[in-house]
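Reader: Hi! Could you walk me through this model while I have it open?
Author: Happy to, just ask away.

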Amino acid sequence: MVFGHYPQINASIVTKLFFAAIVISISTKSIHSLKTSPPLARSDQIIDFASSQGITLTITTLGPAYRAIAKSSHLADLDNDDEDDAWNKNILGYCEGFIRPVGSILHLDKMEVYSTMTRRARKANGKFKGGGTQFGVGLLLGNLCLRHGIDNGCKFAEFLAIDDAEYQHKRLVRYYKALGLKEVRYVGEDIKDIPDRMVWGGCGTLMKAELDFLLAKWTPEFITEDGSVRITAKKD
């Protein structure tokens, strides 16, 4: 039996073709990912999403300092001269801090969400779901501040989980790790920690993350793949 003559295949050519196919496959997936991933949520989009959930979000600045406030949009302010009375001003929570003059860092100083006020909002409006995300009002406040930092040239966010009480400290660390921040180190009573204690006003776990990473992580909660603001909460 006579077999036909087959040309020899160069092994190096086969290897190059194989890796070229892999590169093309990866590039195609990357292009598809770019097409389907929405850009980072803007401040107005986060505010519009909050509004669809019955929450009025605002952010004010004074020099490098900023303060974001979440209020129930279906409850009118009550008549009261006490500007700091959250109950009478229907304040659900707030987040505040400042932009550090050096280091491109957004300093997240404090966030507080009033559980009594969210319960009051739910009682007044049966459709109120607490903010439309798994982390509720806090996620809305935090991401509005992140966007503020990005718009002002910041690259990183830092937060100190204050160690006032062991249980509360561990709870804060878990919460902010779930949001996407990473533990950097513990700021204690040592001499080397004095500068950090002066900045933060106490001891605790220093946490940090890139702003773009954090906002990219949570942007799908606020806008769809085509860039439209969600009018209903995202379903996993």
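Reader: Let's start with charges. Which residues are linked in a network of salt bridges?
Author: That network joins Arg 185, Lys 192, Asp 193 and Asp 196. A salt bridge here is a side-chain nitrogen of Lys or Arg within 4 Å of a carboxyl oxygen of Asp or Glu. Keep in mind that this is a predicted model, where local features need pLDDT of at least 70, side-chain atom pairs count only at pLDDT 80 or more, and totals for chains, interfaces and linings use all residues. Residues are numbered from 1 along each chain as its sequence is written, and side-chain values use heavy atoms, with hydrogens and water left out.

Reader: Thanks. How many salt bridges does the structure hold?
Author: There are 11 salt bridges. One of them is between the side chains of Arg 100 and Glu 158, at 2.9 Å from N to O. That pair links distant parts of the chain, 58 residues apart: Arg 100 sits in the loop between β3 (91–99) and β4 (105–113), and Glu 158 in strand β5 (residues 156–162). Helices (H or I, at least four residues) and strands (E, at least two) are DSSP runs, numbered from the N terminus.

Reader: Is Arg 100 buried or exposed?
Author: Arg 100 counts as buried, because its relative accessibility is 18%. Glu 158 is buried too, with a relative accessible area of 8%. The cut-offs are under 20% relative accessible area for buried, over 50% for exposed and in between for partly exposed (1.4 Å probe, protein chains only).

Reader: Switching topic: which residues make the nonpolar surface patch?
Author: Ile 191, Ile 194 and Met 198 make it, and the patch covers about 360 Å². Patches are made of residues with over 30% relative accessible area and no salt bridge; like charges are joined within 9 Å, and nonpolar side chains (Val, Leu, Ile, Met, Phe, Trp, Tyr) within 5 Å. Areas come from the Shrake-Rupley method with a 1.4 Å probe, and for residues only the protein chains shown count as cover. Ile 194 belongs to helix α7 (residues 194–200) and is partly exposed at 34% relative accessible area.

Reader: Now α4. Which of its residues are buried?
Author: In helix α4 (residues 115–124), the buried residues are Met 117, Thr 118, Arg 120 and Ala 121. Seen down the axis of α4, they fall within an arc of 155°, so they line one face of the helix. That arc is taken from the directions from the helix axis to the C-beta atoms. The face turned away from the buried side carries the exposed residues Arg 119 and Lys 123.

Reader: What does Thr 118 touch?
Author: Leaving out residues up to four places away in sequence, Thr 118 touches Leu 92, Val 113, Phe 128 and Val 137. Contact means heavy atoms within 4.5 Å. Thr 118 is buried, with a relative accessible area of 10%.

Reader: Nice. Where is His 148 found?
Author: His 148 is in helix α5 (residues 136–151), and is buried at 13% relative accessible area. Beyond neighbours within four places in sequence, His 148 is in contact with Ile 59, Thr 61, Tyr 66 and Ile 99.

Reader: Last one: where does pLDDT stay under 50?
Author: Residues 1–7 are one such stretch, with 0 contacts beyond four places in sequence in the model. Residues 14–35 are another, with 1 contact of that kind. pLDDT is the predictor's confidence in each residue, from 0 to 100. For the protein chain the mean is 80, and 76% of its residues reach 70 or more.
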